[in-house]
Amino acid sequence: GNSVTQMEGPVTLSEEAFLTINCTYTATGYPSLFWYVQYPGEGLQLLLKATKADDKGSNKGFEATYRKETTSFHLEKGSVQVSDSAVYFCALETSGSRLTFGEGTQLTVNP
Amino acid sequence: DTAVSQTPKYLVTQMGNDKSIKCEQNLGHDTMYWYKQDSKKFLKIMFSYNNKELIINETVPNRFSPKSPDKAHLNLHINSLELGDSAVYFCASSQTAFWGYTFGSGTRLTVV
């Protein structure tokens, strides 16, 4: 079946450090891929998405590229800020209008 | 204007009680969802409705019953609450999963 695997957290970085959160998926066909962010005490917000192979999604300095050959959609940011501290979820679209989420990765950025 | 609103935000109740959580969306989306997030942040889909029709019904105890009076509302009723029901419950809506979901801010349910 379809599934998403994220790198385990928590991840702790200093401000201005480079961020990578790994995400790999298993799916039939070519699903759309997403990153969601959950700030403390809030619901999930769509951060970025990509709908086909080699597409790059980007938003707020975050980027992720849909890699069919490695079935990956890793999230990157060149210089993180304290305000980026949150839980990040990778997700893929499966049939029946369903999103399947990864386990979530807690990111803490220290000043 | 809140796009997906849930009430209440917090709910503390005793074991064995019956409670409801309400959700409303003003985005004109056709599909609505209930997700459960456990203490480790893991998200699990519970139900999905498309235009008032149930389309996803995961392995959830019968004590949980969704109701969609119209496509803008999806309520969740829980009977005979148990300690293990304690979690954050999120409502979401979408036009299609292709475009992603819009989530509510969650209802933190604590069963004591």
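Which two residues form a disulfide with their sulfur atoms 2.0 Å apart? The pair is C23(A) and C90(A).

## Ground rules

This is a predicted model, where local features need pLDDT of at least 70, side-chain atom pairs count only at pLDDT 80 or more, and totals for chains, interfaces and linings use all residues. Residues are numbered from 1 along each chain as its sequence is written, chains are lettered from A and ligands numbered from 1 in the order in which they are written, and side-chain values use heavy atoms, with hydrogens and water left out.

## The disulfides

A search of the whole structure turns up two disulfides over all chains (a disulfide being a pair of cysteine sulfur atoms within 2.5 Å). Strands here are DSSP runs of E, at least two residues, numbered from the N terminus. The S-S torsion of C23(A) and C90(A) is about -70°, so this disulfide is left-handed. C23(A) has 0% relative accessibility and counts as buried, and C90(A), at 1%, is buried too. Buried means under 20% relative accessible area, exposed over 50%, and partly exposed in between (1.4 Å probe, protein chains only).

Over in chain B, C23(B) and C91(B) form a disulfide with sulfur atoms 1.9 Å apart. C23(B) lies in strand β3 (residues 19–25) of chain B and C91(B) in strand β9 (residues 87–94) of chain B, so the pair links parts 68 residues apart in sequence. With a torsion of about -80°, the C23(B) and C91(B) bond is left-handed. C23(B) is buried at 1% relative accessible area, and C91(B) is buried at 0%.

## The nonpolar cores

A nonpolar core is a set of buried Ala, Val, Leu, Ile, Met, Phe, Trp, Tyr and Cys residues joined through side-chain atoms within 4.5 Å. The largest one has 26 residues, and W35(A), L47(A), L48(A), F73(A), L75(A) and Y88(A) touch the most other members. Strand β10(A) gives the most to this core, with four residues.

L75(A) has contacts (heavy atoms within 4.5 Å) that include W35(A), L47(A), L48(A), F62(A) and Y88(A), leaving aside residues up to four places away in sequence. A second, separate core of 20 residues includes M32(B), W34(B), Y89(B) and C91(B).

## Aromatic rings

Rings of Phe, Tyr and Trp (its six-membered ring) pair if their centres lie within 6.5 Å; planes under 30 degrees apart count as stacked, over 60 as edge-to-face and the rest as tilted. That rule gives 15 aromatic pairs over all chains. In one of them, F101(A) and F103(B) have ring centres 6.1 Å apart and planes at 70°, so they're edge-to-face. F101(A) lies in strand β11 (residues 98–101) of chain A and F103(B) in strand β10 of chain B, so this pair joins two chains.

F103(B) also pairs with Y101(B): the centres are 5.9 Å apart and the planes at 45°, so that pair is tilted. Y101(B) is buried at 3% relative accessible area, and F103(B) is buried at 9%. One aromatic cluster has these residues among its members: F101(A), Y101(B) and F103(B).

## T102(B)

T102(B) is found in strand β10 (residues 102–103) of chain B. At 27% relative accessibility, T102(B) counts as partly exposed. Leaving out residues up to four places away in sequence, T102(B) touches several residues, including A3(B), V4(B) and C91(B).
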